[in-house]
Amino acid sequence: MTTDFDVAIVGYGPVGQTLATLLGRRGWRVVAFDRQAELYPLPRACHLDYEAMRILQAMGIADRIDAAMVPAKEYLLLRGDMSVLSDLPRGWQTPTGWEPSYHMYQPDIEGIFDAAAKAMPSVTVHQGVAVTGLVHDDDGVALTLDSGATITAAFAVGTDGANSLVREALGIPREDLGFEATWVVNDVELREGLERLDVPDTGQVLDPTQPRHMAWLGGRHYRWEFMVLDDMDPDEAVQPAQVWDQLSRWVDPETAVLRRSALYTFRSLVAETFRDGRVMLAGDAAHLMPPFMGQGMVSGMRDAATLSWILDLVLRGAASMGFLDEYTRSRRPHVTKYISESVRVGQMVCETDPARAAERDRALLTQSETPPPFRPPVEAIVVPGPLAGTLAVQPWVTVGGVSRLLDDVIGAGFHLLSTDVADAAGLSTDAVATIAVVGIHSVVIGPRGDYVEPSPRLAPWLADADATWVLVRPDGYVFASGSGTAAVESALAELATLLRVGAGAPV
């Protein structure tokens, strides 16, 4: 079937923009539609992390996004009187070489996402155009537009939010993981000339009389959130007079502008599958989580990063149609773990029973060190082993006397990273063929290799797993690790088998 595009994206928020850019950088013909005529002008998400920054590297915009954000190093759990109950600084070393956590004012960065997608010659963006219908069969997908026109694509992806038309058209149900709480979310801009407020980078106020949250988003931007209690009228809680009363400890209409005040009902939902035939779901269309870990937008970007390379292999004929099922198998359990952990944190934050809140506070007081970051492995498209499914270390390497992150040097794709020049030597014809078809970059890091680490991280990380090499997926997760040529051969054979999973010829 001849189609107008390789991939059609319904919904052009940050997740749709990420997917369009990653596919466009691979040269695929992409069209994206959004019912809004312009980018949404108000803030929504406010947090990105070290993994999102690696995805932004693959999009070619990490440095620009980094300049528009601030590291969020301070995480305080506060009592109702604002005294510190627990101080949990985000000071750990990340695998990607970026800061653990960042805060941003979303309108400051969304234009950068948008420009990246539109800079791709093969990407077409239609804003102010709504998709009203979708049908798909074994040959492709047809989307009906509000003008009555129809466009066709080999594949389609719904990144169209919580009320996804695409998910509804496919009839995909969602599993409810049981969390629901309504909060008032307020974004405030301090007036020019005033000093930064005494607001932590992140502050969770564990007050059973009314749980609250506050954050500095960089520059003059701040966010305050207040839980709507059972005896409160939600419509009243969002009125300016009520909001300013809540904010009076820090700001008032003379010192700040209320940019947005909105009611949000935080839910925990995940679609039962992220794929139906040639149509996939990503971002809020596929899953919703409470915001207490700041992983909503990041999880959507993970979806886009994983889906982009899976679609690339299928479109190139390097993988079968059946391989698309691995998208759900890789992403759904992983994001469900993040949702469950966000629910756990949310239940702690939202506790309104005084006795249970006091018990919680006593437990937090005994915590003597920052817990390790929550970082679950992916469970599919991996070969079992000590590093399987974990986020791979991205080392800094020296190039021309300058230290650079490895992905910026060798580009996107599968990477076979080794500390031993012999690991990829003397491979069989089949293994070499897999490397060529998949497009695997073989790189040796070390004194006798392609690049040298100024401060070694890759070699110790591998050594701790009794490995000398690691095969890294394009989304940064470990496919396999091991030591020696025979283990490399075995991993490549596993990959070749996975790529032909399921029925259906390649596109």
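Let me start with a quick one: is glycine 296 buried, partly exposed or exposed? At 29% relative accessibility, glycine 296 counts as partly exposed, given that buried means under 20% relative accessible area, exposed over 50%, and partly exposed in between, with a 1.4 Å probe and protein chains only.

Before I go on, the housekeeping. This is a predicted model, where local features need pLDDT of at least 70, side-chain atom pairs count only at pLDDT 80 or more, and totals for chains, interfaces and linings use all residues. Residues are numbered from 1 along each chain as its sequence is written, and side-chain values use heavy atoms, with hydrogens and water left out.

Back to glycine 296, which sits in helix α8. Helices here are DSSP runs of H or I with at least four residues, strands are E runs of at least two, and both are numbered from the N terminus. Valine 421 is 125 residues away from glycine 296 in sequence, and the two are 40 Å apart, C-alpha to C-alpha.

Stay on α8 for a moment, because serine 308 is in that helix and is buried, with a relative accessible area of 1%. What does serine 308 touch, leaving out residues up to four places away in sequence? Leu19, Leu22, Leu23 and Arg26, where contact means heavy atoms within 4.5 Å. Glutamine 17 is 291 residues from serine 308 along the chain, with 12 Å between their C-alpha atoms.

That takes us to the first two helices. Two packed helices are described by the angle between their axes and the distance between the axes. For α1 (residues 14-25) and α2 (residues 50-59), the axes come within 9 Å and cross at roughly 45 degrees. The axes are lines fitted to C-alpha atoms, for helices over the stretch in contact, and the angles run from 0 to 180 degrees between N-to-C directions. So α1 and α2 are oblique to each other: under 35 degrees would be roughly parallel, over 145 roughly antiparallel, 65 to 115 roughly perpendicular, and the rest is oblique.

Who is in that contact? From α1 we have Gln17, Thr18, Thr21, Leu22 and Arg25, and they meet Ile55, Ala58 and Met59 from α2. By type, that contact has four nonpolar residues, three polar and one charged. Nonpolar covers Ala, Val, Leu, Ile, Met, Phe, Trp, Tyr, Cys and Pro, charged covers Asp, Glu, Lys and Arg, and the others, Gly among them, are polar.

Also in α2 is leucine 56, which is buried, at 0% relative accessible area. Setting aside neighbours within four places in sequence, leucine 56 contacts Leu48, Ile61, Ala62, Ile65, Phe113 and Met301.

Now, which helix gives the most to the lining of the second largest pocket? That's α2 again, with five residues. α1, α2, α8 (296-316) and α11 (406-410) each supply at least two. The lining as a whole divides into eight nonpolar, six polar and eight charged residues.

Last stop, the backbone. Isoleucine 381 is not a glycine, yet its phi is positive, about 55 degrees. Isoleucine 381 lies in the loop between α10 (354-365) and β20 (396-399), and counts as buried at 2% relative accessibility. Aspartate 466, not a glycine either, also has a positive phi of about 55 degrees. Its loop runs between α13 (458-464) and β24 (469-472), and aspartate 466 is exposed, with a relative accessible area of 69%.

Not counting residues up to four places away in sequence, serine 481 touches Leu387, Ala467, Trp469 and Val470. Alanine 491 is ten residues from serine 481 along the chain, and their C-alpha atoms are 8.0 Å apart.
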